[in-house]
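Please take me on a walk through this structure in my viewer, telling me what to select at each stop and what I will find there.

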Amino acid sequence: MPPSIDRVAIAAALLAAVVAGTALAGESAPQAHRRRDPAVLFHAKERLTPAERELLHGVLGAFQVHTRRAIAAGAAEAAEFGEIPGLSRAQVAAMVQATGAVDFAEADERVPAAKLPNDPAYDIQWHHRTIGSPAAWDVTTGSTAIKVVVCDSGVETKHPDLARNLSLPGYDVATRSTNVSPHTYHGTMVAGVIGAIGNNGLLVTGEAWQARIVPVRITEDSGGLAYYSDMAECVTWAADHGAKVVNLSYRGGPSRTLDAAAKRLRARGGLLFVASGNDGCRLGSGTGACTERVPDFASFLLVGATDKQDRRARFSNYGKAIDLVAPGVEIATTYIGGRHALGDGTSFAAPLAAGVAALIYSVKPNFTPAQVEDILRASALDLGRAGRDAFYGYGRIDAGRALALARARR
């Protein structure tokens, strides 16, 4: 039996179960105060057979899809539908995938930020010495011509150690407004790792402390969660507004929709950095929080965390998809209320790597994303087994070596 007929048969059987009212084991009740109805994200194939087209429309119709909209500049579609008792978003996505009419289908899930901070405290920024920031700063401290978009929970725009480096207005994906006031402290901390003002006698120093930080809010409330679709919209907005670097300190690694948006960013000269997450498990292992498969997407860099001994931080997720690692333990950075604090997590490792990329672009603004990526990998300190491995990827970032290599290349 041809594979296409197999897919049709599978989807038809699943659809029949729904129509007949069969209760399938689903996810727990959705959280209250949800901004939108459940949604499935997918991308239809360019060439569909009549049977595939009919089955796709049938599946979407069975779930009474009331809104179907293009997102990420057409890289995907979001189909919103009403609640179906006993049926999860993931199961609906599986039925859409089984039609054979789509390149991919996935649930539009809300996922937590990779890490929330520790208690506020003053501390020395050990990570700068470890990754050779001073040597990099001898070359450049960043350029105001380089835009770095922070897709997060919003930023405290009047923070004394950030305000001068912020490029405003930013953007709020959920409300399509310029309101980027912080829902949580997470975004303010992430922004500080990249671009807290240096050499001003205040608080902390960011990695690229003369780059321009553009805050884009992707969370809808103080819960700090973000949808895959909003992550993708942020990356797309960044691509369309000339960003060279985009940081996403959320667990977006499994998302094909995010991959599609990241490809658009790369095509326009920008590079996306994504945190690997803080569950301490092997990505795609099927255990704990690492149940989802995480492909080794070539469109963005997945960053894990190391500790003060240059070992994998115990909380840092790992696996074949990891590209690089960076310090992520006791990272001193900006905090709401005009203060600073210490934070642990891959949420702070990813923007540190993003900050080094901003420095590279500052000296070589015409470099392609592939060239910047190659420099980050070639200059990284190889930890663990020789070559790329599941714990450290290509190694721990080294800003000093990266800038020396960037200067030497044409």
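Two strands are said to pair if DSSP finds at least two bridges between them. With that in mind, select the seven strands that form an open sheet in this predicted model, where the order is E7-E8-E6-E10-E11-E12-E13 and the pairing is parallel. At the edges you will find strand E7, residues 171-172, and strand E13, residues 324-327, each of which pairs on one side only.

Next, select strand E6 (residues 147-152) together with strand E8 (residues 212-217), which run parallel and are joined by six bridges. One place to look is lysine 147, whose bridge partner in E8 is arginine 212.

Helix H9, residues 346-363, is the next stop, and its 18 residues reach 27 Å from the first C-alpha to the last, close to the 26 Å expected. Because 17 of the 18 residues of H9 are buried, this helix is largely enclosed by the rest of the structure.

From there, turn to the largest nonpolar core, which has 54 residues, and highlight Phe273, Ile360 and Leu376, the residues with the most contacts inside it. H9 gives the most to this core, with twelve residues. If you centre the view on phenylalanine 273 and set aside residues up to four places away in sequence, you will see that it touches several residues, among them Val245, Leu301, Ala350, Ala357 and Leu376. A second, separate core has 48 residues, including Cys234, Cys281, Ile322 and Val325.

H7 is mostly covered, with twelve of its 13 residues buried, and just after it glycine 242 takes a positive phi of about 75 degrees.

Finally, colour the model by pLDDT, which averages 89 over the protein, with 89% of the residues scoring at least 70. Over residues 115-122 the pLDDT is below 50, although this stretch has 28 contacts in the model beyond near neighbours in sequence. Where pLDDT is low, the predicted coordinates should not be read in detail.

How values were computed. Residues numbered from 1 in each chain as written. Predicted model: local features only at pLDDT ≥ 70, side-chain atom pairs only at ≥ 80, totals over all residues. Heavy atoms only, no water. Helix = DSSP H or I, 4+ residues; strand = E, 2+ residues; numbered from the N terminus. Expected span 1.5 Å × (residues − 1). Buried < 20%, exposed > 50% of the residue type's maximum accessible area, 1.4 Å probe, protein only. pLDDT = per-residue confidence, 0-100. Contact = heavy atoms within 4.5 Å. Core = buried A, V, L, I, M, F, W, Y, C linked by side-chain atoms within 4.5 Å.
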